[in-house]
Amino acid sequence: MKVFLAILAAKMTAFLAKIRGGKSSSMPGAVALKICPDLLARLSSQVRKGIVCVCGTNGKTTTNNLLCSALEGAGNTVICNKLGANMLNGVTTAFALAASLGGKIDADYASIEVDEASTIRVFEYMKPQAIVISNLFRDQLDRYGEIDITVDLLNKAIAMAGNVTLVLNADDPLCAQFGYKSDKHIIYYGISQKVLPQTDDTKEGRFCPICGGKQWYNYYHYSQLGDYECTKCDFKRPPVDVEATDVKLSADIAFSLNGKPMQLHYKGFYNIYNMIAVYAALQALGVDTSDFASLLKSYKPQIGRMEEIVLDGKPVILNLAKNPAGFNQAIGTVLTDPRKKDVIIAINDNANDGRDVSWLWDVDFEKVQSDSLNTLTCTGIRLYDISLRFKYSNVEVDATTSDMKGAIETTLKTDSEVVYILVNYSAMYTTEDIMLELKRKYGGED
């Protein structure tokens with residue numbers, strides 16, 4: 001009876017939220033758990049073939065949703081928290097809404113994004129067959145603390161998972177450490193060539209996570225990701241099982257994946273990591289990957305992940321960037337676009353963004369200044385903080401405003417060829433809503 005009432009309450013909560021225009025990604029699970037605290041355990045145990053969990057600071061939602069698409073494309077039924085609600089309530093919501101009122105789940109796989117700090121709570125009720133760890137960067141310091149705390153939580157979660165396969169980014173020493181002398185089955189993935197200019201970047205990997213010695217890089221991609229080795233112990237970038245080579249960055253991204261040519265209609269070098277993580281996860285699950293190239297060609301970006309909407313004939317590109325590593329990569333992607341551009345940056349400090357915005361000083365905002373920059377606008381709750389950061393970077397801000405809609409409409413009237421909007425988390429959905437509203441007003445296309 002508790003299971004029935006919990007699932008009924010979750011479905012009713014989701015229905016009422018939908019009527020009110022909400023997304024109901026976490027509240028149904030919160031309500032259900034009040035009625036049946038072990039509901040997730042009861043439902044997740046019914047998944048037939050396996051559960052894979054995707055963790056990591058950046059790229060979780062893109063990786064998890066593409067993995068879901070790949071599993072579905074192979075003819076499987078999949079439970080997935082596609083909206084990115086990745087704490088216990090959100091994970092429970094995904095299962096409760098997929099269940100029958102009798103508490104039955106009809107799913108071959110579950111592809112579940114899990115917040116790193118929530119893994120130990122989620123794994124108390126759900127046992128994954130594979131865990132993907134994409135990268136670890138400083139993020140929301142007021143909530144997570146320093147990376148060492150996140151590493152400790154993930155180590156506990158891995159121990160709780162038992163007989164699990166770890167899918168690890170070999171290029172990130174903070175991820176690779178989970179496989180160092182581990183008794184788990186490990187699949188490593190990485191990009192096995194120097195691709196980007198070797199400029200200064202903020203690195204979390206200056207010191208070996210095993211012994212604390214100084215770490216040497218043969219080359220790096222961004223932040224601490226690259227080809228590294230410790231100068232004091234035997235820790236180094238491990239041999240990879242899934243590797244990207246022959247990387248070409250242009251309008252589209254092209255690369256070879258274990259020798260097979262791939263093309264991605266998607267911007268951002270960092271997205272190669274998301275794609276090869278999915279391929280490695282499919283291998284961990286024993287799923288056929290022969291059609292993976294076709295999957296990448298047809299893949300459409302998620303909300304706010306270099307999402308492009310054409311407004312009044314001008315492409316407007318929305319991208320989520322919520323920490324120094326993410327912002328640096330977003331800025332790098334903007335700079336690779338040679339078109340004359342307007343840039344809008346929105347910074348909020350709501351609870352789901354993190355109240356501490358001191359991380360802005362770790363972003364290489366100096367690089368925003370370029371010959372192709374037309375105008376720069378700052379907005380969001382902390383618009384003055386980001387404006388001050390640009391002042392100390394000697395980058396001129398053309399406008400500061402709390403009106404995102406007005407800021408976008410202003411850029412549509414300039415002589416720029418493209419508009420980039422870089423936002424942190426809580427500004428993402430509201431900005432997309434504004435873009436869709438302007439699409440109805442001015443006309444345009446996705």
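Trainee: How many residues does the largest nonpolar core have?
Mentor: Good place to begin! A nonpolar core is a set of buried Ala, Val, Leu, Ile, Met, Phe, Trp, Tyr and Cys residues joined through side-chain atoms within 4.5 Å, and buried means under 20% relative accessible area with a 1.4 Å probe, protein chains only. Phe 255, Ile 276, Ile 345 and Phe 365 have the most contacts inside the largest one, whose residues number 73.

Trainee: Which helix gives the most to this core?
Mentor: Helices are DSSP runs of H or I with at least four residues, numbered from the N terminus. The top contributor supplies 11 residues and spans residues 271–285: it is helix H10.

Trainee: Before we go on, where do these values come from?
Mentor: This is a predicted model, where local features need pLDDT of at least 70 and side-chain atom pairs count only at pLDDT 80 or more, while totals for chains, interfaces and linings use all residues. Residues are numbered from 1 along each chain as its sequence is written, and side-chain values use heavy atoms, leaving out hydrogens and water.

Trainee: Are H1 and H2 roughly parallel or antiparallel to each other?
Mentor: Axes are lines fitted to C-alpha atoms over the stretch in contact, with angles from 0 to 180 degrees between N-to-C directions. The axes of H1 (residues 2–19) and H2 (residues 27–35) come within 8 Å and cross at roughly 155°. Angles over 145 degrees count as roughly antiparallel, under 35 as roughly parallel, 65 to 115 as roughly perpendicular and the rest as oblique. H1 and H2 are therefore roughly antiparallel.

Trainee: What are H14 and H15 to each other?
Mentor: H14 (residues 404–412) and H15 (residues 425–442) pack with their axes 10 Å apart, at an angle of about 50°. The two helices are therefore oblique.

Key:
Buried means under 20% relative accessible area, exposed over 50%, partly exposed in between (1.4 Å probe, protein chains only).
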